[in-house]
Amino acid sequence: MKLLALMKKEFHRFFHDPRLIVTMLLPGLLIFLLYTFIGEIAYGDEAREFKVYLSGSSAVTVAIEQILAENGDKVEWLPLENEEEARAAVKEGEATAILKFSENFDPLQEGGSVSIVYDHGSEDSFYFESLASAVLTGMGMRFLIEEETVKEDTAVGAEFLSTLLPMLIVCFIFSACMSVTLESVAGEKERGTLSTILVTSAKRSHIALGKVIPLSCISMIGAVSSFLGVALSMPKLMGFSLGFLGDYSVWSYVLLLLLILSTVPLIVGGIAAVSALSRSVKEASAYTGVLMIFTMVLSLVTSFLPTMGSWVTVVPIFNAVVAMQGVLQGGLPVLNALLSVGINLVYTALLIFAIAKLLSSEKFMFGK
Amino acid sequence: MEEIVRAEGLKKTFTLSKKQQRIEKTGEPRRVAVNGLSFSAYRGEIYGLLGPNGAGKTTTLRMLSTLIKPDAGDAFLAGHSIVKEPEKVRDVVGFLTSDLKLEGFFTPDYLFDFFGAMHGVEKGVLAERKQELFARFGIDKFAEVQVKNLSTGMLQKVSLVISIVHDPEVVIFDEPTNGLDVLTAKVVTDFLAELKAMGKSILLSTHIFSLVEKLCDRVGIIIDGTLAAEGTLAEVADGDLEKSFFALYQERKGEIV
């Protein structure tokens, strides 16, 4: 009952204060706007010209041309003479895609087929494939659509994401955790409202849990907001499509989610412990800044050292970053990921124990 | 009479930082704040701990409310040891000091429920108690106003009521009228009188003679962390508390300033 009341208080404090909600969601929105803006400057919004190798003919091409023309885009149809060369051109980015209609293709008749060869790491190619696919699907699906990508998981976008995204995720989680945890723990301590709770008969471990659990949930909102900001603006910023994200299996996403879920309370616990040690929000911010730099460096190291031993599993946060990279590179490092999750939870439990000890310490709670 | 608070040889020493040593103009790295303090307060009475600043009153009350631990000695509140059963002590004690603040974002209504839950008060009992106390102290008029928007007097009333949310057997007030204007100070003194009428046992620290004379049944005079005198006002003061206090102080310290 006491733990529930403590948790409810934190949620009430957050969800009834529009300023806090805005503070939590704003970074995501700002990241989206900023990255999109940078992307617009870098790539512009000029009309695009698609070069598509075409085999066979159909009225479908006219429909595609019309839709593209509505957006100010153009398509140049190239005759498909040598498929190998055409595939190489698509792979190199010299051509957008290959569109092959079977000889018996007729959108109004059963039995025909159409094949689209594209590069799912290229924004233009992915866009064309989506458009062609939508046009064909809209015709009633009386025929077979074969889609094939010329690149597998080594697409530029996937490479970029697998190395940098885990670090970005950890940074976003950290900044989200920092804004709520410093205010809630160091802020309450500085304002003297934490002492009012300490004078009640609530167990110190419950007070620690009553902070870490709700603050982790709230931090997740901030982290997700920032993550969405990046994910949605990435196509504009980097000039590639995120369509290949759909290629990851459900289990990959489950592992990613578990890794993120285990990292959030760990970081919240770390910041809460630092806050309990500090005399003021200012002091706690300074210490947390050091902690953040340390975490960022740790996350960044993995980008440059792709092969590491299994020892990384015992290093908190580091283990999650490495496991996330493994997942995003197309692997399914189930054992490593689950071990990392378990170890992070053990560290979180140790931190909660440490926070409870700090809350019991008159030196840290009431020392001048 | 039944003892409700019994302190037995309480001792507390603090380590002084270099900065604190400079401020206090001392080369001693440690300062004894409370030195073997023993006293008893009885059920239903207001017991006053009277002493100058730095005498050890606040440290004593903080030990009794289990915020800090004694280096030696023990105290029993409603039979519970502050050393061995701090959580039980917190359930039978209401503690009010200017160091304990209420979060400005919340309303008195929310905070009453929250601290009630923190003390494990059953919901139905809590609702009844809230209705009774809010009506008795006029808090119902601003129960839904955020604490940060309350006047000092209103805030003091809320703090007082929340300190007794769990209907404690002993209520401890550390310098309850310190820094308050005359109107707010009256709110506090009236509240103390009300509590006494409700049969509560009250322990308060102060350096204001008139407050002791007006409210306290018995008084303990603390000088340099030790009990210099204890008893009823008649026993300790012999008619003039202020005069008796300074005589005692001079006898102990040799000089007034």
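Q: Which strand of chain B is joined to E3(B) by 4 bridges?
A: Strand E9, residues 218–223 of chain B, is joined to E3(B) that way, and the two run parallel. This is a predicted model.

Q: What is the bridge partner of B:Tyr47 in E9(B)?
A: B:Tyr47 has B:Arg218 as its bridge partner there.

Q: How many bridges join E3(B) to E8(B)?
A: There are 5 bridges between E3(B) and strand E8, residues 201–206 of chain B, and these strands also run parallel. In E8(B), B:Thr206 stands opposite B:Leu50.

Q: How many residues of E3(B) are buried?
A: Strand E3 covers residues 46–50 of chain B, and 5 of its 5 residues are buried.

Q: Which residues lie on each face of E3(B)?
A: One side has B:Ile46, B:Gly48 and B:Leu50, while the other has B:Tyr47 and B:Leu49. Both faces are covered.

Q: Switching topic. What is the order of the 4 strands in the open sheet of chain B?
A: The order is E2-E1-E4-E5, with antiparallel pairing.

Q: Why is one side of E2 and of E5 left without a neighbour in the sheet?
A: Strand E2 (30–42) and strand E5 (80–81) of chain B stand at the edges, and each has a single partner strand, so one side of each has no neighbour in the sheet.

Q: What packs on the sheet?
A: Helix H2, residues 57–64 of chain B, packs on the sheet and touches strand E1 (3–15), E2 and E4 of chain B. The direction of H2 makes about 120° with that of E1(B).

Q: And how many bridges pair E4 with E5(B)?
A: Strand E4, residues 72–77 of chain B, pairs with E5(B) over 2 bridges, in the antiparallel sense. B:Leu77 stands opposite B:His80 of E5(B).

Q: Where is B:Ala78 found?
A: B:Ala78 is in the loop between E4 and E5 of chain B. Its phi is near 50°, which is positive although the residue is not glycine. Most residues other than glycine have a negative phi.

Q: Is B:Ala78 buried or partly exposed?
A: B:Ala78 counts as partly exposed, because 18 other C-beta atoms lie within 10 Å.

Q: Which loop holds B:Glu175?
A: B:Glu175 lies in the loop between strand E7 (170–174) and helix H7 (182–197) of chain B. B:Glu175 also has a positive phi, about 45°, and is not a glycine. B:Glu175 is buried, because 20 other C-beta atoms lie within 10 Å.

Q: What about B:Glu2, buried or exposed?
A: B:Glu2 counts as exposed, because there are 8 C-beta neighbours inside 10 Å. B:Glu2 lies in the segment before E1 of chain B. Leaving aside neighbours within four places in sequence, B:Glu2 is in contact with B:Tyr42 and B:Arg43.

Q: How does the radius of gyration of chain B agree with a compact globule?
A: Chain B has 19 Å, which agrees, because a compact globule with 257 residues would have a radius of gyration near 18 Å. The C-alpha trace of chain B spans about 55 × 40 × 35 Å along its principal axes.

Q: How many helices and strands does chain B come to?
A: Chain B has 10 helices and 10 strands. Buried residues make up 42% of its 257 residues.

Q: And chain A? How many helices and strands there?
A: Chain A comes to 13 helices and 5 strands. Of its 368 residues, 41% count as buried.

Q: Which residues touch the most other members in the largest nonpolar core?
A: A:Ile173 and A:Cys177 do, in a core of 133 residues. Helix H6, residues 156–191 of chain A, gives the largest share of this core, 14 residues. In soluble globular proteins, nonpolar side chains tend to be buried together.

Q: What is A:Cys177 in contact with, leaving aside neighbours within four places in sequence?
A: Its contacts are A:Ser219, A:Val264, A:Ile267, A:Val268 and A:Ile271. There is also a second, separate core of 21 residues, which includes A:Ala86, A:Phe101, A:Tyr118 and A:Phe126.

Q: Last topic. How many residues of chain A are in contact with chain B?
A: On chain A there are 19, in contact with 20 residues of chain B. Helix H1 (2–15), helix H7 (193–198) and helix H13 (362–366) of chain A each supply at least two residues of that side of chain A. H7(A) gives the largest share, 5 residues.

Q: What classes of residue are on that side of chain A?
A: The side of chain A that touches chain B has 7 nonpolar, 6 polar and 6 charged residues.

How values were computed
Residues numbered from 1 in each chain as written. Chains lettered and ligands numbered in written order. Predicted model: local features only at pLDDT ≥ 70, side-chain atom pairs only at ≥ 80, totals over all residues. Pairing = 2+ DSSP bridges. Contact = placed C-beta atoms within 7 Å. Axes fitted to C-alpha atoms, helices over the stretch in contact; angles between N-to-C directions. Rg over C-alpha atoms; globule rule 2.2 N^0.38 Å. Buried ≥ 20, exposed ≤ 12 C-beta atoms within 10 Å, placed from the backbone. Nonpolar A, V, L, I, M, F, W, Y, C, P; charged D, E, K, R; others polar. Core = buried A, V, L, I, M, F, W, Y, C linked by C-beta atoms within 7 Å.
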